[in-house]
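Reader: I would like to go through some of the labels used for this structure, and ask in each case what value stands behind the word.

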Amino acid sequence: MYNRKNPEAGNNLTMVKAINQALELEMAQDDRVILFGQDVGKNGGVFRATEGLQEKFGKQRVLDTPLAESGISGMAIGLAYQGFRPVIEIQFLGFIFETMDSINQMARASYRTAGHLKMPVVLRAPFGGGVGTPEFHPDNFEGLLAQFPGLKVVIPSSAIDAKGLLTAAIRDDGPVIFLEHMLLYRSFREKVPEESYSLALDQANCLCEGEDLTLVTYGAMVRMAKEAVERAAAEGIRVELIDLRSVHPIDYDTILQSVKKTQHLLVVQEAQGIAGVGNRIVSEMARRAFYDLLSPIGFLSAPNTSFPYKQIESDWLPDCDDIVEAIKTTLNG
């Protein structure tokens, strides 16, 4: 597991480069790891997350496929049953519906065989708003995927997390959906250790401690929430910020421990109110922490409409101002 003793050590990487590095390191140490998907070979993927890997490991291990998501995911199942550890890329999460039958098969493989057969498949897909992509490309479907028992669904918010979580996902013997927010690919850099390391796939990360309110979020909203927490601190409001990292399973124990301390909870997500996993957290905490809460749980999300065109995208998405306002509203009950 990752234990960062020296925060200045490592390379200054974007998140997409950290993903590329994790793939390269795992392929170098385990020849069962193979990559395939649309344009992942010669072009290095639409966002260059697999750049240089076909040249290094060859066309037998980094394969370009036709535009056929159901074929990509179906082939992954067969290869996993034969002992390989496939990492597949679906070019955008909005195109995930062609793979749903395969995902369902992946998720129940261990249960169906009483644990005799493993399904070590990682499905990578970019998603998310804030970059002005066309229709279907930014859609937030993590809430749908989090409803499959047997799946893990992971959403990193930093380069350090992306490398460690992807490493853990590739090594996991069960299927993992690894979702990469497009806004985070190249919008910042972090010192990332050069060596291989892994992070737990079922453990949330408390980014800063506070006494007044617990704020739970994931993905690109984490970076937005950090700014909101700093602004709230300037007004004397101490917010404890929790990054879920994994939206299935959700680390409810970490959230509950924080809520027992702060006695206020705000859940923030980019997805629409009827989507995402925020409502699941609200429901669970209302049940587990009912007697600890001093006010109703706050919930901030995008409106319940289709993802808008880029001309009004910034007005539609939750932003830092919205989060600061939600913090104050939640505290005031």
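Reader: Against which elements do the buried residues of helix 11 pack?

Author: In this predicted model, the buried residues of helix 11 pack against strand 10 (213–217), helix 7 (220–234), strand 11 (239–243), strand 13 (265–272) and strand 14 (298–302).

Reader: Which residues of helix 11 are buried, and how do you know that they line one face of the helix?

Author: The buried residues are C320, I323, V324, A326, I327 and T330. Seen down the axis of helix 11, these buried residues fall within an arc of 160°, so they line one face of the helix. The face turned away from that buried side carries E325 and N332, which are exposed.

Reader: What span does helix 11 reach, and what is expected of it?

Author: Helix 11 covers residues 320–332, and its 13 residues reach 19 Å from the first C-alpha to the last, which is close to the 18 Å expected at 1.5 Å a residue. At its start, a side-chain oxygen of D319 comes to within 3.2 Å of the backbone nitrogen of D321, while the helix is followed by G333, whose phi is positive, near 70°.

Reader: Turning to the rings, what makes F92 and F95 an edge-to-face pair?

Author: Ring centres must lie within 6.5 Å for a pair, and planes over 60 degrees apart count as edge-to-face; F92 and F95 are 5.9 Å apart centre to centre, with 85° between the planes, and they form an edge-to-face pair.

Reader: Why is F92 called buried, and why is F95 called partly exposed?

Author: Buried means under 20% relative accessible area, and partly exposed lies between that and 50%. F92 has 7% relative accessibility and therefore counts as buried, whereas F95, at 25%, counts as partly exposed.

Reader: Why is the pair of F97 and F141 called edge-to-face, and what does this pair tie together?

Author: The ring centres of F97 and F141 are 5.0 Å apart and their planes stand at 70°, so this pair is edge-to-face. F97 lies in the loop between strand 4 (85–89) and helix 4 (100–112), and F141 in the loop between strand 5 (122–127) and helix 5 (142–145), so the pair ties together parts that are 44 residues apart in sequence. F97 is partly exposed, with a relative accessible area of 46%, whereas F141, at 18% relative accessibility, counts as buried.

Reader: Which residue lies over the face of F188?

Author: R223 lies over that face, at 3.6 Å from the ring centre of F188.

Terms used:
Residues are numbered from 1 along each chain as its sequence is written. This is a predicted model: local features need pLDDT of at least 70, side-chain atom pairs count only at pLDDT 80 or more; totals for chains, interfaces and linings use all residues. Side-chain values use heavy atoms; hydrogens and water are left out. Helices (H or I, at least four residues) and strands (E, at least two) are DSSP runs, numbered from the N terminus. The expected span of a helix is 1.5 Å times one less than its number of residues. Buried means under 20% relative accessible area, exposed over 50%, partly exposed in between (1.4 Å probe, protein chains only). The arc is that of the directions from the helix axis to the C-beta atoms. Contact means heavy atoms within 4.5 Å. A polar contact is a pair of N or O atoms within 3.5 Å; within protein, one must be able to donate a hydrogen and the other to accept it, and residues adjacent in sequence count only if both atoms are side-chain atoms. Rings of Phe, Tyr and Trp (its six-membered ring) pair if their centres lie within 6.5 Å; planes under 30 degrees apart count as stacked, over 60 as edge-to-face and the rest as tilted. A charge sits over a ring if NZ of Lys or CZ of Arg is within 6 Å of the ring centre and within 35 degrees of the ring normal.
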